[in-house]
Amino acid sequence: MSKKIVVETKDLTKRYDGVMVVDHLNLHVAENEVFGLLGPNGAGKTTTMLMLLGLTEPTSGTARVFGFNSTRKPLEVKRLAGYLPEKVGFYDNLTARENLKFIAQLNSISDTESERLIEQTLEAVGMADMADVTAGKFSRGMKQRLGIADVLVKKPKIAILDEPTAGLDPEGINQILDLIASLSQTGTTVVLSSHRLYEVQRVCQSIGILSKGKMVIEGSLDQLSRDALAEGRYRIEVETTQSSPQLIEVIGKISGIRRVEAKGNLLQISADSDLRAEIARAVVQSNVPLIQMKIQEFSLDEIYMKYFKEG
Amino acid sequence: MITILRKELADYFTSIRCFILFLLVILASAAGLYAAYQGIRGAGSGTSFVFLRLFITSGEVMPSLVTFLTLFVPIIGIALGFDAINSERSSGTLNRILSQPVYRDSVINGKFLAGIVTLAIMIAATMLIVSGYGLRMIGVAPSAEEIIRLFIYFVFIIIYGAFWMGLAILFSVLFRRIAVSLLSAIAVWLFFGFFYINMIVPATAKTVETALMLMRLSPNTLLGEATMVLLLPQWRGVGLLTAGEEITSYMLPNPLSLGQSILLVWPQLTALIALTAICFAVSYVVFMRQEIRAT
């Protein structure tokens with residue numbers, strides 16, 4: 001890949017009281033992509049993010065963000081990175097606008113510039129009409145959105161989002177995901193963590209699956225699903241009234257079929273694409289009465305589960 | 001740091017907590033004035049430093065303004081600092097701020113400074129209210145020396161307040177729960193205010209010297225002595241000038257000069273600053289090394 005790598009960790013390790021939370025993690029995120037850090041609770045996602053930001057010191061190993069060592073030069077990293085914590089909180093006595101203003105001031109953004117930016121980001125997260133409501137009155141979903149605005153207001157080169165969709169309703173999740181997807185188009189790299197797969201699948205170009213602090217698998221989504229499902233992406237089940245070895249042979253010859261397995265009257269077929277039409281034709285041509293045909297597409301979910309069993 | 005200082009100040013001045021504290025200040029000023037009004041005719045006659053008497057004269061039932069301040073300033077200090085760090089931690093704002101390009105120490109410095117500014121404004125308000133109304137009441141203008149003495153006293157009481165605020169901030173760094181940090185700060189205050197001098201010191205010290213030494217570990221004693229020396233120039237404290245009580249009776253009741261008074265309270269000032277610095281330094285170091293995770 002010719003893409004510039006902007007986040008890189010080398011054997012990043014964190015131990016809390018003898019427990020390995022992050023274990024020799026090697027992570028690579030290319031510029032302007034959305035990278036999903038996946039894993040069950042306690043896999044070390046949050047700790048990894050904290051180490052990327054220099055908020056937690058690694059036990060050993062290094063993390064680099066845009067070439068800056070996160071442990072040695074945390075301020076440079078923090079200038080470029082926006083972080084949304086898992087449990088985001090705001091000053092309840094301040095309004096949404098004032099909360100953002102404070103963050104803008106901490107980033108030494110001028111007053112005129114910040115006013116424009118705040119207006120813009122509140123608009124982007126759909127909270128323009130709530131700008132002057134105090135944060136104490138916000139629901140969980142509102143706070144999450146304000147949290148995203150909080151990340152955007154400093155115009156980060158990289159946004160590190162810890163569970164950005166946690167606690168949101170389906171509509172809220174969709175809005176946030178759309179927003180995240182649009183970020184990478186405007187020149188922001190996104191690293192997000194989640195344990196919900198379909199979200200990651202929707203917006204991420206690359207993923208890394210963490211399990212017990214170790215990177216189980218890392219790579220672009222397309223490539224991963226290809227690798228993980230070497231046996232074919234689709235699984236088709238064909239039930240006929242009787243078993244027929246000849247049929248198995250015919251189906252096996254269709255291009256794109258990986259494997260055919262017979263269990264009595266049931267044929268289990270792995271294929272690269274949806275070959276139901278071809279299979280149906282083969283069944284009919286071989287004069288075996290067809291009872292039913294089912295297809296199952298393998299998504300990241302299965303990959304995820306597959307690796308989790310291994311992990 | 002200036003940004004954090006500004007925000008904290010804005011927070012303090014708009015909070016209900018601060019409103020209550022200001023009420024307390026006004027109440028203390030009124031009570032102190034009333035006490036001076038009751039007592040000043042008898043006590044002030046024939047001596048110099050009449051203006052200073054406004055602050056240290058107690059009435060028939062009402063204690064003096066200085067007593068009020070000694071009592072309230074720790075409360076104000078604790079009230080300003082007890083949830084400085086742990087409330088930010090529990091509300092999840094701490095890691096949001098720390099992920100911004102600011103040094104971690106500017107957070108705690110900003111909070112501490114904002115507290116001191118608030119404290120200074122409150123104490124200055126009290127002293128000015130009393131001075132103003134007192135001036136009307138007694139009709140004697142303060143001399144330059146009296147103003148300087150009052151100013152040094154002002155510095156003292158701010159440092160005293162800063163000590164309690166530093167202690168409260170320390171507890172807010174150490175303890176995750178706000179109730180625990182508040183109660184610990186109050187416990188320390190009660191300990192020094194009531195138990196230490198009245199029970200612990202008499203029980204442990206064998207000689208007057210050790211008793212004095214032990215007493216001076218308490219910030220209350222340090223402030224008490226400094227107050228007397230500064231605001232009551234005729235006062236001869238035990239062990240301040242003299243080692244024992246027997247000499248005191250031979251001394252002329254002449255007021256000490258300003259320079260001599262300052263010289264006398266210098267150790268107290270240093271000790272108070274040291275105590276404050278220790279509190280602040282410990283909370284600083286602990287905070288710098290602390291994990292930021294919310295959980």
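**Exercise 1.** Is V238(A) buried, partly exposed or exposed, and how many C-beta neighbours inside 10 Å does V238(A) have?

*Solution.* Before starting, note that this is a predicted model, in which local features need pLDDT of at least 70, side-chain atom pairs count only at pLDDT 80 or more, and totals for chains, interfaces and linings use all residues. Residues are numbered from 1 along each chain as its sequence is written, while chains are lettered from A and ligands numbered from 1 in the order in which they are written.

Step 1: a residue is called buried if 20 or more other C-beta atoms, placed from the backbone, lie within 10 Å of its own, exposed if 12 or fewer do, and partly exposed in between. Step 2: V238(A) has 25 C-beta neighbours inside 10 Å, and therefore counts as buried.

**Exercise 2.** Which residues does V238(A) touch, not counting residues up to four places away in sequence?

*Solution.* Step 1: two residues are in contact if their C-beta atoms, placed from the backbone, lie within 7 Å. Step 2: with residues up to four places away left out, V238(A) touches L267(A), I269(A), I279(A), V283(A) and M293(A). Step 3: take V283(A), which is 45 residues from V238(A) along the chain, although their C-alpha atoms are separated by 9.1 Å.

**Exercise 3.** Describe how helices α9 and α10 of chain B pack.

*Solution.* Step 1: two packed helices are described by the angle between their axes and the distance between the axes. Step 2: axes are lines fitted to C-alpha atoms, for helices over the stretch in contact, and angles run from 0 to 180 degrees between N-to-C directions. Step 3: helix α9 (residues 178-204) of chain B and helix α10 (residues 208-215) of chain B meet at an angle of about 140°, and their axes are 9 Å apart. Step 4: I197(B), V201(B) and T204(B) of α9(B) make the contact with A211(B), L214(B) and M215(B) of α10(B).

**Exercise 4.** How many helices and strands does chain B have, and what are the spans of its C-alpha trace along the principal axes?

*Solution.* Step 1: chain B has 12 helices and zero strands. Step 2: along its principal axes, the C-alpha trace of chain B spans about 65 × 50 × 35 Å. Step 3: of the 295 residues in chain B, 38% are buried.

Definitions and conventions: Helix = DSSP H or I, 4+ residues; strand = E, 2+ residues; numbered from the N terminus.
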